[in-house]
Amino acid sequence: MTIDWEHFTPWMSLAGGLVLGLAAALLVLFNGRILGVSGIVGGLLRPQRSDIGWRLAFIAGMWTAPLAYSLLGGHITTQVDASGVMVVLAGLLVGIGTRYGSGCTSGHGVCGLSRLSPRSLTATAAFMGAGFVSVWVLRHIL
Amino acid sequence: MKQRIFEFVAGLLFGMGLLLSGMTDPSKVLGFLDVAGVWDPSLAFVMGGAVLVGLLAFAVAKRRSRSLLGAAMQLPTSRALDRRLVLGSLVFGVGWGMAGFCPGPALVSAATGQPKAVLFVLAMLAGMAVFEVLERMRNNTGLQPKTGAH
């Protein structure tokens with residue numbers, strides 16, 4: 001294993017992580033909800049009137065983030081190397097997989113691990129493992 | 001109304017945390033997932049930082065039946081380590097490794113107008129819709145009990 005020192009950003013990533021934790025803390029302590037993006041978005045596809053508002057408010061906040069981040073002087077880079085076909089296929093798998101697995105990197109990863117949930121630990125190990133294997137196959141085998 | 005403000009701020013902070021940590025850049029995410037190549041361990045620090053704060057917050061949340069604003073505390077109750085959990089997570093992981101996007105970062109990147117992020121989000125919504133249709137068909141047959149999907 002070789003470490004990519006050129007791109008390694010421990011402090012920025014740690015700071016970002018602390019802010020993510022703070023967001024999850026805010027949502028659960030004030031609103032009693034788990035911050036799980038796949039669940040928040042997926043729940044909109046089974047609409048019940050009393051259940052839509054909080055989801056939309058959260059998503060509106062997320063969508064305001066790039067603007068706020070830029071205004072504070074942050075620089076946004078989004079480099080997508082995957083082809084369009086690959087992106088569509090990946091999106092489909094992520095959509096189906098996160099709903100069947102009841103969560104993604106936020107719900108199972110951040111909140112679930114913080115709750116010390118064996119279910120979320122299992123899910124996180126599964127999607128991280130599959131992510132490592134997926135990249136290994138795409139970059140080093142094919 | 002007060003609740004809506006906190007939900008909005010939580011979303012805003014969450015999005016800014018993703019941008020700050022590098023999670024919204026697929027090339028950075030794939031650098032982390034590429035353990036067999038030149039590995040960028042940064043994202044381990046994202047998870048570490050988030051869980052550090054989360055452990056404190058959920059330790060408090062678990063002891064409460066109501067939130068600070070009086071809403072019901074809605075923590076997951078399912079404990080089943082079933083096939084759906086594992087297979088679904090594996091499928092998600094494969095997709096994550098293919099493009100470097102998971103749901104949160106993809107939504108934030110799509111808000112910047114990044115065309116492939118928009119494409120990813122549309123495909124992800126289609127995938128979620130497929131799940132909804134299959135769930136409804138499955139529940140209508142009445143052959144299998146429904147497990148909690150949260």
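In the predicted model, chain A contains 6 helices and 1 strand, and these elements follow one another along the sequence in the pattern β-α-α-α-α-α-α. The C-alpha trace of chain A extends over about 50 × 40 × 35 Å along its principal axes.

Chain A is joined to chain B through an interface in which 109 residues of chain B are in contact with 105 residues of chain A. The size of an interface is often given as the accessible area lost when the parts come together. For chain B and chain A the area buried between them amounts to about 10100 Å², of which 74% lies on carbon and sulfur atoms. On the side of chain B, the residues that lose the most area to chain A are B:Phe14, B:Phe58 and B:Met98, which together account for 7% of what that side buries.

Polar and charged interactions also link the two chains. Between chain B and chain A there are 26 residue pairs in polar contact, counted where both residues have pLDDT 80 or more, and the count of salt bridges between the two chains is 4. A salt bridge is formed by the side chains of B:Asp34 and A:Arg139, with an N to O distance of 3.0 Å. The side of chain B that touches chain A draws at least two residues from each of α1, α2 (26–33), β1 (38–39), α3 (42–62), α4 (83–99), α5 and α6 (115–141) of chain B. Of the contributions to this side, that of α1(B) is the most, with 18 residues. Sorted by class, the side of chain B that touches chain A comprises 68 nonpolar, 26 polar and 15 charged residues.

Within chain B, helix α1 also packs against another helix of its own chain. Two packed helices are described by the angle between their axes and the distance between the axes. The axes of helix α1 (residues 2–21) of chain B and helix α5 (residues 103–111) of chain B come within 10 Å and cross at roughly 95 degrees; because angles of 65 to 115 degrees count as roughly perpendicular, α1(B) is described as roughly perpendicular to α5(B). At this crossing, B:Phe14, B:Gly15, B:Leu18 and B:Leu19 of α1(B) meet B:Gly104, B:Pro105 and B:Val108 of α5(B), and the contact of the two helices has 5 nonpolar, 2 polar and no charged residues.

Methods: Residues numbered from 1 in each chain as written. Chains lettered and ligands numbered in written order. Predicted model: local features only at pLDDT ≥ 70, side-chain atom pairs only at ≥ 80, totals over all residues. Heavy atoms only, no water. Axes fitted to C-alpha atoms, helices over the stretch in contact; angles between N-to-C directions. Helix = DSSP H or I, 4+ residues; strand = E, 2+ residues; numbered from the N terminus. Parallel < 35°, antiparallel > 145°, perpendicular 65-115°, else oblique. Contact = heavy atoms within 4.5 Å. Nonpolar A, V, L, I, M, F, W, Y, C, P; charged D, E, K, R; others polar. Buried area = accessible area lost by both parts, 1.4 Å probe. Polar contact = N/O pair within 3.5 Å; in protein donor to acceptor, adjacent residues only side chain to side chain.
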